[in-house]
Amino acid sequence: MGRLRSDTHTSMMESSRRPSLWAGSLRRDHIRLDDLASDRIEEGQPYTSSKSGPSSASRQNSFAWPFHGRHASEAPSTTRSSRFTFRTWQPRTFFRPHDDTASIDRSIVPDYVVNFIRGETPETLARKKEQRKWGQHGVEVTPRRDTFASQPIEYGHYYSSGTDLTRDLNTFSSWSRKSGLRRHITGWRGGVIFNSLISFIILLVGIICLILVIAKAKLLAGESAIFSGDCATAEHINIGIHIVINVFAVALLSGANYVFQVLSSPTRREVAVAHENKHWLDIGIPSIRNFLHISGFRAAVAVIVLLSAVASQVIYNAVIFTTQNVVKYDVLFVTQSFLDHAPFSNDTNINAGGLSNLDIINLQNTASQAGAFTNMTSTTCLQEFSSIFQPSFDAVLLIIDTVSTTSSLIRTSEPGTSLTTFTSNNNDITAPDGSHVQYCLARPSAPQTCSVNLSGSILGIAVLLNLATVISMAIILARSSFEPLVTLGDSIRSFLRHPDPTTDNACLLTKSDVQKGDWAFSEAQFFVPENHYWFRTPSLSRWALTAASWLAIGAPTAVALGLMVSGNLDDPLTRFGVATPQFSFLPPSPFGTAQMPLVTALPQLLLAALYLVTNAHLTTYFLSHELSLFARSPRSLRVSSNPAGEQTTSLFLTLPRPVSWTLLAWFAAMGFSLSQAVFPGVITFSSSNSPSTGPRPTDRIVAVSFSTQALLALLALLVALLLAILILGCRRTGAASFASGEAKGNPLVLRGGSCSAVISAKCHHHDIAPPGLPRQQNEREPWLRSIAWGVVEEGSGMRPGRCGFSANGVGCVDAGRNYV
């Protein structure tokens, strides 16, 4: 501000003596306000009646306060007026602190004295009353520059001094104090309350489920079956629960990211300290680099709320898993005569499978019936019965190429034995006696049953993490004095009210200049207009982080899908969340049913990281877009707290709600697809029932299972996400500068991402009055009105032009001209 020209300084000094925005009331025994009514009041012009206002004309053109010097004939009488005299009295309350800047007791001093001290005149007070009564008049459009490009953004929209620009303001020690209820349901506080409420609802659902599990199973550890029966029904229940789980998990993650952005946003004091040390901060985006410059308490809470939400996404996806009940298949090597009811021996030396005589007779009788068994070649048989389980068949007869005169049953093996045990070097199946298998017959099994299980211990951990998330979110609401620069509007409002001296006279400062240490220029700079595409807004490091996060989950998904499909071309696609023999693999060391769901849910960490990175990437896009709009047309500031005048507020911070909701739904779908693409394959085995022996003892295996359909859906969503980011990056920022008769470039784009120094450099020279127009009191506070950014003072000769925000119309930044 100290570098303004002398003539500008003079105009500022004159404007400083103009009426104050917060004027008191007039004493009615000294002046009649009705005598000052007018429709459109202009400086230096007499009042004329208007059809829209009162019909009475003014009886005089100028007025004075009662204590001003007058002629003898105009001296007021010492006799008290017959009119009732009253004063404006405002008692102090909780919302009106005692550090009132107007320290004069209003119960003693008349209002006209207070108004005089504030710089008011009877004319200005009458204008205020008239404008409040009859509305705003005299809106004018005053072109500032005679160029085509400047017309859309230049305007002369002047508000009368009576316009209520002090809405939600406190005229005392803190201009930004509001009533407690409204203050906590709007802006970022309202957003934190909303996300805390969502997290609390999810917490209640988790607690209720935990109580039901404990009541049913009588213990917290272990697992509880919430459904047992038909596998198709169990599959639908599993899909439905995982859809809800992933919606909840992404909602928690989104809310935690919201709170993280608020907590990592700097206050104005922290920005000032950082700028004094030539450090810049991120504004308007979630930031980890700000941790070095904000309070340690906020940084710790931000880390806790984010980590607890990320861990919750993993833990919640490990709560539910399904179990398939599969019958172990019996393996019998027989001769061709076995099918013709030839006699057999049931000696224990050849009956390792432990089949009873009745079991073997039943198999022999069934095999002689046409169509009761499935005929397979030895190669197909080897493929079907070489996996870790076989859900479709419960017995297999391997027909050998030799003839036995003593017994048609050559050998039985333990139930569930893989046929790879009997393969030779050329992958032929060889019987224990050395004969070769010609073909095999497989008996289809009865429909299997499945169960949907819930792990009580994992659910307990998820509830604790959810509780930590809710508490961390609520902590921020307890700090009523916390006023961060969360949105772009917050920072512009702060820098306009209190300009940053470290970036004075550097309106064309860029992030690359800041990173080089060039915070201030010794001479004016020229603007080089060029078309800006959104992909140039994020820095190279942010692009690298986004690409790495995408590849961390996209590459393994593509590789796994390619390997599995290429290895099983006959049946390449398997259903969501259903374990199949060809796509289930045993780990090197055995895992329990409590550990394997956690292992298979670990890829959710990569998905959570991708969400956070993508959210920050898109936020950077829209932060630059929001700032660039001020160079195209006047806009009101969107602030995160304490809106005043024409300022607006919203629950979203930078990323618009439609984009944020779309991103949430997108990642909920990817989270669900991932939970069904990689999951624990829990298989419970049982042997065939027979009337003689009854049910056999059961055992269980826990494998890692994959679904190719879910992998394909996940990969498609990932590719679509990447394309959306790239396509959005190809969007061009609207032009707002003028070069060679063509609109080109925008001086407000944030090339390289968010930077507090760049934003503060744009917020100077807003106090320059338009040429030939008197400066009004409310023009000293443009942040309360709709403002635009551009040329506020044209350069001439060797004097450079000046750029900044203004509510009185601006010109376009031209190529070939220098600005400060």
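The dialogue below goes through cavities, a pocket, a surface patch and salt bridges in this predicted model.

Trainee: How many cavities of 30 Å³ or more does a search of the whole structure find?

Mentor: Rolling a probe the size of a water molecule over the atoms shows where empty space is left. Here the search finds three cavities of 30 Å³ or more, and the largest cavity has a volume of about 150 Å³. It is lined by 18 residues, and those closest to its centre are His-242, Ser-675, Val-678, Phe-679 and Pro-680. Among the elements that give two or more residues to this lining are helix H17 (657–677) and strand S13 (678–686).

Trainee: Which classes of residue make up the lining of the largest cavity?

Mentor: The lining of the largest cavity has nine nonpolar and nine polar residues, and no charged residues. The second largest pocket, with a volume of about 870 Å³, has a lining of twelve nonpolar, 17 polar and six charged residues. Helix H6 gives the largest share of that pocket lining, five residues.

Trainee: Which residues make the nonpolar surface patch of about 440 Å²?

Mentor: The patch is made by Phe-297, Leu-464, Leu-467, Ile-471 and Ile-475, and helix H11 (residues 456–477) gives the most to it, with four residues. Take Leu-467, which is found in helix H11: this residue counts as partly exposed because its relative accessibility is 36%.

Trainee: How should I read a salt bridge, and how many does a search of the whole structure find?

Mentor: Side chains of opposite charge can pair when their charged atoms come close. The search finds twelve salt bridges in this structure. In one of them, Glu-626 pairs with Arg-638, and the closest N and O atoms are 3.1 Å apart. This pair links distant parts of the chain, with Glu-626 in helix H16 (residues 603–628) and Arg-638 in strand S11 (residues 638–639), twelve residues apart.

Trainee: Are Glu-626 and Arg-638 buried or exposed?

Mentor: Glu-626 is buried, because its relative accessible area is 12%, and Arg-638 likewise counts as buried at 11% relative accessibility. For another case, consider the salt bridge of Arg-799 and Glu-793, at 3.7 Å from N to O: Arg-799 is partly exposed, with a relative accessible area of 24%, whereas Glu-793 counts as buried at 12% relative accessibility. Salt bridges can also share partners, as they do where Glu-530, Arg-536 and Arg-751 are joined into one network.

Note on methods: Residues are numbered from 1 along each chain as its sequence is written. This is a predicted model: local features need pLDDT of at least 70, side-chain atom pairs count only at pLDDT 80 or more; totals for chains, interfaces and linings use all residues. Side-chain values use heavy atoms; hydrogens and water are left out. On a 1 Å grid over the protein atoms alone, a cavity is a set of points where a 1.4 Å probe fits but cannot get out, and a pocket is an open set with protein on both sides within 12 Å along at least five of seven lines; lining residues have an atom within 4 Å of a point. Grid points are joined across faces, edges and corners, and a volume is the space filled by probe spheres set on the points. Ala, Val, Leu, Ile, Met, Phe, Trp, Tyr, Cys and Pro count as nonpolar, Asp, Glu, Lys and Arg as charged, and the others, Gly among them, as polar. Patches are made of residues with over 30% relative accessible area and no salt bridge: like charges are joined within 9 Å, nonpolar side chains (Val, Leu, Ile, Met, Phe, Trp, Tyr) within 5 Å. Accessible areas come from the Shrake-Rupley method with a 1.4 Å probe; for residues, only the protein chains shown count as cover. A salt bridge is a side-chain nitrogen of Lys or Arg within 4 Å of a carboxyl oxygen of Asp or Glu. Buried means under 20% relative accessible area, exposed over 50%, partly exposed in between (1.4 Å probe, protein chains only).
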